Amino acid sequence: MIADGNPAEIRGINLIGLERKNFPPESVKLIKEAFRLVYRSKYNTQQAIEAIHKELPKTEEITQILEFIQQSERGIIR
């Protein structure tokens with residue numbers, strides 16, 4: 001994620017970092033969609049998780065995102 005501003009707000013995903021790590025374009029597209037569901041939709045966090053489960057395929061990247069959100073003890077910044 002990229003954060004900017006004072007106070008900091010989440011602005012987007014780190015596309016340059018993903019490109020440098022040779023993520024395929026299909027994976028980047030899925031990560032962007034997961035970001036949109038979590039940060040740009042009107043869903044709360046639990047609803048966004050459910051939407052990701054329903055709408056996106058179960059790739060390694062999506063699984064890692066979901067596990068991170070679900071295992072976070074303090075939640076995520078939205």
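**View 1. Thr63, a partly exposed residue in helix 4.** Thr63 has a relative accessible area of 32%, so it counts as partly exposed (buried means under 20% relative accessible area, exposed over 50%, partly exposed in between, with a 1.4 Å probe and protein chains only). Thr63 sits in helix 4, which covers residues 60-71. Helices here are DSSP runs of H or I with at least four residues, strands are E runs of at least two, and both are numbered from the N terminus. From the C-alpha of Thr63 to that of Ile52, eleven residues away along the chain, the separation is 9.7 Å. Keep in mind that this is a predicted model: local features need pLDDT of at least 70, side-chain atom pairs count only at pLDDT 80 or more, and totals for chains, interfaces and linings use all residues. Residues are numbered from 1 along each chain as its sequence is written, and side-chain values use heavy atoms, with hydrogens and water left out.

**View 2. Helix 3 against helix 4.** Here helix 3 (residues 45-55) and helix 4 have axes that come within 11 Å and cross at roughly 160°. That makes the pair roughly antiparallel (angles under 35 degrees count as roughly parallel, over 145 as roughly antiparallel, 65 to 115 as roughly perpendicular and the rest as oblique). Axes are lines fitted to C-alpha atoms, for helices over the stretch in contact, and angles run from 0 to 180 degrees between N-to-C directions. Helix 3 brings Thr45, Ile49, Ile52 and His53 to the contact, and helix 4 brings Ile62, Leu66, Ile69 and Gln70 (contact means heavy atoms within 4.5 Å). Sorted by class, that gives five nonpolar, three polar and no charged residues. For the classes, Ala, Val, Leu, Ile, Met, Phe, Trp, Tyr, Cys and Pro count as nonpolar, Asp, Glu, Lys and Arg as charged, and the others, Gly among them, as polar.

**View 3. Helix 2 against helix 4.** Helix 2 (residues 25-40) packs on helix 4 at about 30°, with the axes 9 Å apart. The two helices are therefore roughly parallel. On the helix 2 side you'll find Ser27, Leu30, Ile31, Ala34 and Val38, which meet Glu61, Ile62, Ile65 and Ile69 of helix 4. The class count for this contact is seven nonpolar, one polar and one charged.

**View 4. The salt bridges.** Searching the whole structure turns up two salt bridges (a side-chain nitrogen of Lys or Arg within 4 Å of a carboxyl oxygen of Asp or Glu). Side chains of opposite charge can pair when their charged atoms come close. In one, Glu33 pairs with Arg36, with the closest N and O atoms 2.5 Å apart. Both of these residues belong to helix 2, three residues apart, or about one turn of the helix. Glu33 is partly exposed at 25% relative accessibility, and Arg36 is partly exposed at 36%. In the other, Arg11 pairs with Glu9, with the closest N and O atoms 3.6 Å apart. Arg11 is partly exposed at 42%, as is Glu9 at 44%.

View 5. Most residues other than glycine have a negative phi, and most peptide bonds are trans. Asn6 and Pro7 are joined by a cis peptide bond, with omega about 5°. Pro7 lies in the loop between strand 1 (2-4) and strand 2 (9-12). Asn22 has a positive phi, near 60°, without being a glycine. Asn22 is in the loop between helix 1 (15-20) and helix 2, and at 66% relative accessibility Asn22 is exposed.
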